[in-house]
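Me: I'm new to reading protein models, and I'd like to go through this one with you. Can I ask where the labels come from as we go?

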Amino acid sequence: MEMLKQKFKAQADKLGDEIKAILKEHGDTIIGQTTLSQLYQGMRGMTALVSETSLLDAQDGIRFRRHSIDELREKLPKAPGGSEPLPEALFYLMLVGEIPTQEEVENLTSILQRRSHVPTYVFETMGALPKETHPMTMFVVGIMALQAESNFAKRYAEGMNKKDYWAAAFEDTLDLIARIPHIAAYVYRRKYKQGKALQPDGLLDWAGNFAHMLGYDDEQFKELMRLYMVIHADHEGGNVSAHTTHLVGSALSDPYLSYAAGMNGLAGPLHGLANQEVIKWIFEMQEALDTKEPSADQIKQYVEKTLSEGKVVPGYGHAVLRKTDPRFTAQMDFGKKHMPDDPLVNTVWRIYETVPPILQSLGKVKNPWPNVDAHSGALLVHYGMVEYEYYTVLFAVSRSLGVLTSLCWDRALGMPLERPKSVTTAAVKRWLNKEVDNLGD
């Protein structure tokens, strides 16, 4: 682990020097303009953050350290006999900017295995919640209970030097990523499997062991978990879960508190609950049409009915992307390889053929193409995971890789407390009426 830690520190020192040089020469350079509509409509498209781990391009989709999803599937090390990339390998790439070797990934897997013990009191805390509690609530409560183990919090209370913030955050990040699958698996087993927890398998990789603890030992499901964890790991810094983790971390809240805050954002219907909404909508369509395999015409009529009722088609559209999400395409590729005759998966593909032309015909939809959430639920249902309320917890496990890596970079680069300026509508009106020279007056 020490080698990985020092590699990260060397990269952080190098980038920190580059940033200082950039700011010295270009610190006053204007990078864009802010419109009133951006202030009032969710800061959409406003460049206001730096996130080193990934970048979202409207045409190319998400790139992790400049590598596309296809490149990750090709270049990142795999599990023995597997064909999907290992999430540990992506974590390594986001952390140090290099594609790791098979040996480096195996070493990281063993580090995570050694750090994966979760104290009994954490499970007891989650166990005190009613079983009717939403899985994401149980999960976040578990993370908050685990916060007592924070290295960063303990060292800060002892008077840690600022120069060591990154090292304490790094330790917490490895501990958290190692333990998160155990907490997530406990939630699933308690809520849906009569509370019968399964012991981890120390011979398996991070995602493979997670699948095992969930109760799925099918090798294809383990491969699906590896792919799922990779493609959901990060989505640059402005989405709710990533931005919230960064924002809370900027107050020097430890990684446990910061990650828990971010996952409360992920639990929102407009963020991480989207894949749950997709599969729910498909089930409702099947029931309404009284068929497991609706035809293209039936889907078209149902979609038009959905739109006429003022509702959206879940899983379609994206705030940034202007093409089919490469993460959707990767899952479609997985489906064609492992389950080409599955009725539900075929329905997802038929929806893909049907919905975009309908949305395009409306003339006001910027992106009529499917996003990552349009496909993931169908793959999970194929292997028997029908409890769609739990899907967001899977998302949370995956997203830990990106947001916690970014938090390490925040502390290594000395990112300050985030505190943007806000204004009132009365101030906006005064400025528009030229009563004041500056909007902030």
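Me: What share of the 441 residues in the chain is buried?

Reply: Buried residues make up 52% of the 441. Keep in mind that this is a predicted model.

Me: What is Val 187 in contact with, leaving aside neighbours within four places in sequence?

Reply: Met 126, Pro 135, Met 138, Phe 139 and Tyr 390. Take Pro 135: it is 52 residues from Val 187 along the chain, yet their C-alpha atoms are separated by 6.3 Å.

Me: Which residues have the most contacts inside the largest nonpolar core?

Reply: Phe 139 and Tyr 390, in a core of 116 residues. Helix 9 (residues 165-192) gives the most to this core, with 15 residues. Phe 139 touches several residues beyond four places away in sequence, including Ile 180, Ile 183, Ala 184, Val 187 and Tyr 259. Apart from this core lies another, of five residues, among them Phe 152 and Tyr 165.

Me: Why might nonpolar side chains end up together like that?

Reply: In soluble globular proteins, nonpolar side chains tend to be buried together.

Me: Is Ser 398 buried or exposed?

Reply: Ser 398 has a relative accessibility of 0%, and the cut-off for buried is under 20%, so Ser 398 is buried. Ser 398 is found in helix 19 (residues 391-412). Leaving aside neighbours within four places in sequence, Ser 398 is in contact with Tyr 228, Met 229, His 232 and Ala 233.

Me: Why is Leu 39 called partly exposed?

Reply: Partly exposed covers what falls between the buried cut-off, under 20%, and the exposed one, over 50%. Leu 39 has a relative accessible area of 40%, so it lands in between. Leu 39 sits in helix 2 (residues 36-40). Together with Tyr 40 and Val 423, Leu 39 makes a nonpolar surface patch of about 260 Å².

Me: How do you know that Arg 115 and Asp 175 form a salt bridge?

Reply: The test is a side-chain nitrogen of Lys or Arg within 4 Å of a carboxyl oxygen of Asp or Glu. For Arg 115 and Asp 175, the N to O distance is 2.8 Å, so the pair passes. Arg 115 lies in the loop between helix 5 (102-114) and helix 6 (120-127), and Asp 175 lies in helix 9, so the pair ties together parts that are 60 residues apart in sequence.

Me: What makes Arg 115 and Asp 175 buried?

Reply: The cut-off is under 20% again. Arg 115 has 17% and Asp 175 has 14%, so each counts as buried. Lys 5, Arg 115, Glu 171 and Asp 175 are also linked in a network of salt bridges.

Me: How many salt bridges does the structure hold?

Reply: It holds 18. One of them joins Asp 205 and Arg 226, at 2.7 Å from N to O, and both of those residues are buried.

Me: What about Glu 219 and Lys 222: how far apart are the closest N and O atoms?

Reply: They are 3.2 Å apart. Glu 219 and Lys 222 both lie in helix 11, three residues apart, which is about one turn of the helix. Lys 222 has a relative accessible area of 6%, so it counts as buried.

Methods. Residues are numbered from 1 along each chain as its sequence is written. This is a predicted model: local features need pLDDT of at least 70, side-chain atom pairs count only at pLDDT 80 or more; totals for chains, interfaces and linings use all residues. Side-chain values use heavy atoms; hydrogens and water are left out. Patches are made of residues with over 30% relative accessible area and no salt bridge: like charges are joined within 9 Å, nonpolar side chains (Val, Leu, Ile, Met, Phe, Trp, Tyr) within 5 Å. Accessible areas come from the Shrake-Rupley method with a 1.4 Å probe; for residues, only the protein chains shown count as cover. Helices (H or I, at least four residues) and strands (E, at least two) are DSSP runs, numbered from the N terminus. Buried means under 20% relative accessible area, exposed over 50%, partly exposed in between (1.4 Å probe, protein chains only). A nonpolar core is a set of buried Ala, Val, Leu, Ile, Met, Phe, Trp, Tyr and Cys residues joined through side-chain atoms within 4.5 Å. Contact means heavy atoms within 4.5 Å.
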